[in-house]
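The exercises below ask the reader to work through a sheet, a chain contact and a single residue. Each task is followed by a solution that goes step by step.

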Amino acid sequence: MRSTSRNARGNFDWLLILIYMALVGIGWVNIYSASIDPSGVADFFDLSNLYTKQLLFIGLSLLLIIFILSLEAKFFERFASLIYVVSILSLLGLFVFGKNISGATSWYSFGSFGLQPSEFAKAATALALAKYLSDIQTDVKSFTHQFRAFIIIALPAICIVPQPDPGSALVYAAFFFPLYREGLSGIYLIIGSITIALFVLTLAFGPLYIIAAIVLIALILLIKNRKKRFGKRYFYMLPVVAILFVFSVNYIFQNVFEQRHRDRFNVVLGKDVDMKSIGYNTYQSEIAIGNGGLTGKGFLKGTQTKGNFVPEQHTDYIFSTVGEEWGFLGSTLVIFLFVALMLRIIILSERQKNQFSRIYGYSIAGILFIHFLVNIGMVTGVFPTVGIPLPFFSYGGSGLWGFTILLFIFIKLDSNRVNEW
Amino acid sequence: MRKILLFSIVLISGILFTGRLFYLQILDTSYAGLSANNAIKRIYDYPQRGHIYDRNGELLVSNQPSYDVMVIPREVKPFDTTEFCSLLKMTKEALVKRLNKARVYSPRLPSIVIPQLTKSEYAYLQEKMRKYEGFYIQKRSLRDYQVDYGANFLGYIAEVNRADIEDNPYYQSGDLKGRTGVERQYEEVLRGVKGVKYIQKDRFNRDIGAYKNGTLDTLPTPGKDLTLTIDAELQKYGEELMVNKRGGIVALEPSTGEILALVSAPNFDPSLLVGRERSRNFTELYYDSISKPLFDRGLQAQYPPGSPFKTLNALIALQEGVVDEEESFSCHMGYYYGSRGRKLGCHSHPSPLSMVPGIANSCNAYFANVYRRVIEKYDTPQEGMDTWHDHLASFGLGQYMGTDLPTGKPGHIPDSDYYNRAYQYPKYKWFSTATISNSIGQGEIILTPIQLANVTATIANRGWFYTPHIVKGIEGETDAIPEKYRTKNKTTIDPANFEPVVEGMFGAYNYGTAAGVQIPGIEICGKTGTAENYTKIDGKRQQLTDHSIFVAFAPKDNPKIAIAVFVENGYWGGRYGGKIASLMIEKHIKGEITRTDLEDWILSHSLEEEYAKPLSGKPFPINDGKKISGQIEEKLKS
């Protein structure tokens, strides 16, 4: 399998590096279009331009890449716990030193630049989880160990939620994927899927229909399996729990959720909402994307983009610019690049001999996937609005560096496969 | 399973997103126009509407600038309504009502708040408009009428309504459009095409520069000037003569079919339908149900033609060969027919008469005989009736004239179907005598003045006509006049058969019924008409004073003008119609009036008293007091 040419180029997976470069490059072009002053008088090298700043961030991430790749691969495994602890401390420090930007205390401020520790905490958590799970002592099937792994994952998430930045906390759900890969019971998957399905279906159709459906399915299964004796007790339990859950979903949605959360769900579920206020983001974003047609309006020619109609267009909604200016062809290319990136990471992870590398690979594939799914889903109007960035694409130094570190640690780990025992 | 879970979820979500994008970007086209509305503002530049000239190049209609206060409802920010209302001189309720209406039309498209400010109002407002976001002033051009006549054919322009906008995407709320007359008929010629500038806006609705660097912007195309066939001087004179009368005058140039004058009385000043007073004035004109000034009597009024119709019966009889020029018929103060000795009355004149003096003296008996022969020439009266009808149809009667004016009426020429239905054929039979009134232009026949003028022009041409039209030229176009108006329409009557009729009309003018209105030095061929007419008062049919009708063309050879005059309830043909027609002919041919006695008589006589009679609610005398309306029939019954 090992090719000599790969050795010659430092053993790095160049395919991943190329996709990374393509995404960052295309991302910058769209940030440029979304943030350029239409009057066209601004100096390109003026750092008050967002696109110039982003170019600087890209340059700095190059330094980061060189630094990461020059480190020993073993460094990350060895220092995983330390990195994790530092990361948790940096999140906790926000409660004291954090700067409030647009309602969220997620930033350390250094002059005109800010640093968002939650973007780095993902990598740290991935390293820590990989280290813990790859420990020869750890048994994923043991409930105690499962609980400890859960604590590792939940700690940063718990620190992030009250910032408040529930979107970034949601990303930690991604760690289910490495856990499952390493042998977590399938029950969790089934329960998780059913929970999500029941939640969405209940909101969409109302509790009565769903309960009727559950009872019906339970009866059919009961009649079919009436000869079998085992497991019947659990079997009776399941629909009862499901029905209780459906009621609680309704209760939680109506009483625990705030109106803005309800609104976001209602927008996606196509309920009757005012597209001028509540549904504005989604609506404008859909207009922008829909406007692109097959080939798009062309670079710098998107009218929605130029008019700044889509809020947060250079950050969370950057994909709408892709849709408007590059059309179906451009946006599917971006989708393709992301899918290729994630699949490549998964394939490489499976090839790792070292369990640590494999868990880490699965972790970042999962993290990238949650970002991808939630962000594109939100921009194309199939997911409720959750403010998380599109990796490598959205404007922002911390985000770009966080994802760069995440990816290049994996590239470094992967390059070391050949040296391992 | 553990190895492929994430792999497959990633793959599936990639495919689903591609599908979602395919739906949004390719399948669902409803988003395509939305952004254009959202992010692009259009600024319109309205071109000058084309001017309208008469046939001699006299300017009839030009433009004046006007300024509309417009609003784009969704851009309106809270403002000082009291101050704004006092600025616009409107009440707060009116403003609120106006704004609500604008919002219902569209929150993002402009609507008019106050239309058509004058220049001085505009100058005052212009300074202060900036304070009120969402409001602005749109410059347009309004009509400026140089003349106070011709309102009936010039037409007017008015703000487009909902139906117009839905009908034609060119128009937007607040745009002006020709409503009647040539303004409507030649709307696209006169209007031009408005220019548009596309401005990219940001989400705060601020302009942030030209969209696509202005490559899509268009310049306005100015409207084209229109030259009409109308002779302004003749038109003006005609309207003056018709003051205090009701009716219509249509004057044509026989050799071209051009409409020289199209008078409808009572008239009104076209300037009434301009500016902010338009709506109030229009309502006033519209609801004047007694004199109906908006009703174009030259084009739309349908009258029984009376005696001028006899010329057509003579032509048909000659063409059908049922009579020749020489044959005479006697008249004993009328024509007696049928087994019960029914009578079609006539006035006193020498008897017997052949065709030429028959026309000149307008003998009813002569034409009753001739008409019967036409109908009875064939085996059945149905066949005869249809032959008669088809000859008349070749003159353009019983159908829309097809002029280039948007209004008109077909009139009516009965055919066999009509009588079959009326008499329930074949249950009951009918014969020529049942339709004998047709011989003298009464009965079931009705014509519009322009149809009768066209018949006169056809006689003047001895057998053909061009469809009457009002456009003479369009600025910058060589073939402005449609093919339809450059094609000769030939009648079914041989040219030779016209000569006796022309002679008869010449006789009427020289020694016959119209001898009183002679113009020295002009050979006029004319024909009087006195048409009985009825109205309904309280559901009862009441006879009114006869319509005074006159048709004429002149000169006899190479005619320059053919004219038809209808004066409602003017009594006999020579009384009003003949005088007016003679004066119009003299005006057109000589350019000056020598028969000032006729002119004085017409200008000093009013028919208003006559028109007031049926409204008085009392029995009234008609035809100068010779009989009382409504009592004749009662006497006959007893």
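**Exercise 1: a sheet in chain A**

In this predicted model, three strands of chain A form an open sheet in the order 1-2-3, with antiparallel pairing. Determine which strands are the edge strands, and how strand 1 of chain A is joined to strand 2 of chain A.

Solution. The strands that pair on one side only are strand 1 (99–101) and strand 3 (113–115) of chain A, and these are the edge strands. Strand 1 of chain A runs antiparallel to strand 2 (residues 104–110) of chain A, and three bridges join them. Within this arrangement, A:Lys99 stands opposite A:Trp107 of strand 2. Finally, with direction ignored, neighbouring strands of the sheet are turned by 60 degrees against each other on average.

**Exercise 2: the contact between chains A and B**

State how many residues each chain brings to the contact, and find which helix of chain A gives the most.

Solution. Chain A brings 39 residues and chain B brings 32 residues. Among the elements of chain A that give two or more residues to this side are helix 14 (280–292), helix 16 (318–351) and helix 17 (355–379). Helix 16 of chain A gives the most, with eleven residues. By class, the side of chain A that touches chain B holds 20 nonpolar, 15 polar and four charged residues.

**Exercise 3: B:Ala554**

Decide whether B:Ala554 is buried or exposed.

Solution. B:Ala554 lies in strand 19 (residues 540–554) of chain B. A residue is buried if 20 or more other C-beta atoms lie within 10 Å of its own; B:Ala554 has 27 C-beta neighbours inside 10 Å and therefore counts as buried. Beyond its neighbours within four places in sequence, B:Ala554 has contacts that include B:Ile522, B:Cys525, B:Pro559 and B:Ile589.

Methods
Residues numbered from 1 in each chain as written. Chains lettered and ligands numbered in written order. Predicted model: local features only at pLDDT ≥ 70, side-chain atom pairs only at ≥ 80, totals over all residues. Contact = placed C-beta atoms within 7 Å. Helix = DSSP H or I, 4+ residues; strand = E, 2+ residues; numbered from the N terminus. Nonpolar A, V, L, I, M, F, W, Y, C, P; charged D, E, K, R; others polar. Buried ≥ 20, exposed ≤ 12 C-beta atoms within 10 Å, placed from the backbone. Pairing = 2+ DSSP bridges. Axes fitted to C-alpha atoms, helices over the stretch in contact; angles between N-to-C directions.
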